[in-house]
Amino acid sequence: MENKIAISVDAVSKVYKLYNKPSDRLIDGLGLSRKRRYQEHRALDRLSFTIHEGETVGIIGVNGSGKSTILKIITGVLTPTDGKITVNGRISALLELGAGFNSEYTGIENIYMNGAMLGFSDEEINQRLPEILRFADIGEFVNQPVKTYSSGMFVRLAFAVAINIDPEILIVDEALSVGDVFFQAKCFHKFEEFKKKGKTILFVSHDLSSISKYCDRVIVLNQGKKMDEGKPKEMVDLYKRLLVHQEGEPPAGGEDTRGGLWKDSIEVNPNLLEYGEKQAEIIDFAVSDENGTLTNTIEKGKFCTFRIKIRFSQDLQEPIAAFTIKDMKGTEITGTNTMYEKIEIPAKAGTTVEVDFTQKMDLQGGSYLISFGCTGYLEGDFHVFHRLYDACSVTVVSSKDTVGFYDMNSRVFVKKI
C-alpha cells in the first residue's frame, strides 16, 4: 500500500514583477497608469509533484531554476501566484542562513522564540532543550547574541532546533554546506534516523554526493519547470548534461561533436591564474566522463579524462604536459605529467597536439580544483611555457566514501569462527 501524500504541489506558478526604476513601481502600485511598467519574471511555471510520507526527496537544478522558491512556498514564506500547495504534517524548515532567528537575541532566546512560532509551549521546549544544546554543541555561546556567531555556529544551532521539535516533514535548503565535515556527518546520521521513523525529508543541495546517497527520488528543475524526476543516478546524469547545456542524450559514440572550444562546454574559473613564456600555449582544456561527455561532474569509480590542447610557436625538444588536482583548501593531492608517464610529445612550430590523461576516479566525493601546464627545457634550463592554475573545478559524486583523499577499494570479507 502506497504511503499517504505528505506534500502536493499542483500547477504552482510564481511570477515576479521587475521594474526598471522605483518610480515605476510606485505608479503601478497606485494604479496611476494603464501602461504596464514592469516585466514579468516567471520563477516557477505550473510546477507539479507529490512527495509521500517517509520519502527523502532531493531537488536539484542550475542556479535560477526555482529550487529555493518552491521550498519557500511549501513552508509558507512565499505565496504562489497560481496553483495549490497541500501539506499534511508539521513542517520544520531550515532555509537560508538566518531565517527565523533574531540576531539581537541570544541562542537560548531564539530557541524559545522558534519553538513558540511552531506552536510549542515553554514546558515542551524545556523538555527538548538538553537535546538541542547537545546536538548544536556550541558551548557557552548559546547565551550570547547570535550576531556574534560564526556561520558554522549559526547553522549548528538552527539545525539542532529544526530537527529536535519532532517534525513530520523536514525541509532543508543548502544550509548544511556551512557546517564542518563532522557536523555534516552528524546531520546525515540524523537524516537516516528520521527515515527509519517514517519522517519525510525534502532538501535542495548542490552536493550531488549527498543527493545520490540519501535520496529515494530526485526532482530536476530547469527554468521554473520540472524537467524530470526519478532515481538519483539518472537525475544526476541529467543534471550534468544541463550544466553543459546538453539536455538531450549524449552524441553517438559519446564524444562531444558540437564544435567550438571544449572549455565553452564546462564551467571555467573566471579568475584562473595563467603565466608562461608561450613557446607552447594551452589553447583549450576540459574534463570528460567515461562517455566522452564534457562535464565538471564525475562519478566516483568511473573513468574520466583530463584534456588539454597545446599549440607550439617554435620547435621544442620533449615538452612536458601536466595536470594537478587540489582540494578546495589548495592542498595538492595528486597529478601526473608526460615525463612521469614516459610519453613523448611531437613539438614542431605551427603544430597543435591534444594530450589526454585518462584514469579511474577514486577520489572521495567532493569538489576539487584542476590545473594544467606545459613546461620543458631550453638549452638545459627549465622553462614554464604556459600554466593555468585552478582552471576549472570537478565535483566527484560518490555514494560511498572512506577515510582520507582516496578510496583504497578494499574487498572486505567477514568469516565466523
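Predicted model: local features only at pLDDT ≥ 70, side-chain atom pairs only at ≥ 80, totals over all residues.
Reader: Between which two strands lies the loop that holds G350?
Author: Residues are numbered from 1 along each chain as its sequence is written, and side-chain values use heavy atoms, with hydrogens and water left out. Helices (H or I, at least four residues) and strands (E, at least two) are DSSP runs, numbered from the N terminus. On that numbering, the loop with G350 lies between β15 (332-337) and β16 (352-360).

Reader: Is G350 buried or exposed?
Author: Buried means under 20% relative accessible area and exposed over 50%, with partly exposed in between (1.4 Å probe, protein chains only). The relative accessibility of G350 is 65%, so the residue counts as exposed.

Reader: What distance separates the C-alpha atoms of G350 and Q314?
Author: Along the chain, G350 and Q314 are 36 residues apart.

Reader: Which residue is 56 residues from G330 in sequence and 16 Å from it in space?
Author: G330 belongs to the loop between β14 (320-327) and β15. Its relative accessibility is 38%, and therefore G330 counts as partly exposed. The residue 56 places away in sequence and 16 Å away, C-alpha to C-alpha, is E274.

Reader: What share of the 417 residues in the chain is buried?
Author: The C-alpha atoms fill a box of roughly 80 × 80 × 50 Å, taken along the principal axes. The secondary structure of the chain consists of eight helices and 18 strands. Of the 417 residues, the buried share is 45%.

Reader: Among contacts between residues at least 6 apart in sequence, what percentage joins residues at least 24 apart?
Author: A contact means heavy atoms within 4.5 Å. For pairs at least 6 apart in sequence, the part that joins residues at least 24 apart is 70%.

Reader: How many charged residues does the contact of α3 with α4 have?
Author: Helix α3 (residues 107-117) and helix α4 (residues 122-136) pack at about 130°, with axes 10 Å apart; axes are lines fitted to C-alpha atoms, for helices over the stretch in contact, and angles run from 0 to 180 degrees between N-to-C directions. The two helices are therefore oblique to each other, since angles under 35 degrees count as roughly parallel, over 145 as roughly antiparallel, 65 to 115 as roughly perpendicular and the rest as oblique. I108, I111, Y112 and G115 of α3 meet D122, I125, N126, L129, I132 and L133 of α4. With Ala, Val, Leu, Ile, Met, Phe, Trp, Tyr, Cys and Pro counted as nonpolar, Asp, Glu, Lys and Arg as charged, and the others, Gly among them, as polar, the contact has seven nonpolar, two polar and one charged.

Reader: Is the crossing of α4 and α5 left-handed or right-handed?
Author: The axes of α4 and helix α5 (residues 151-163) come within 8 Å and cross at roughly 145°. The contact is formed by I132, F135 and A136 of α4 with R156, L157, F159, A160, V161 and I163 of α5. A crossing is left-handed if the near helix is turned anticlockwise from the far one by less than a right angle, and right-handed if clockwise. The crossing of α4 and α5 is right-handed.

Reader: What is the C-alpha distance between K190 and I163?
Author: K190 is part of helix α6 (residues 181-196), and its relative accessibility of 12% is why the residue counts as buried. Not counting residues up to four places away in sequence, K190 touches E131, F135, I163 and N164. K190 and I163 are 27 residues apart in sequence, and their C-alpha distance is 8.2 Å.

Reader: Which residues does T69 contact, leaving aside its neighbours within four places in sequence?
Author: T69 is found in helix α2 (residues 67-74). This residue is buried, with a relative accessible area of 14%. Its contacts beyond those neighbours are with K14, Y16, A43, L44 and L78.

Reader: What is the phi of E379?
Author: E379 stands in the loop between β17 (366-378) and β18 (381-397), where it is exposed with a relative accessible area of 84%. Most residues other than glycine have a negative phi. E379 is not a glycine, yet its phi is positive, at about 50°.
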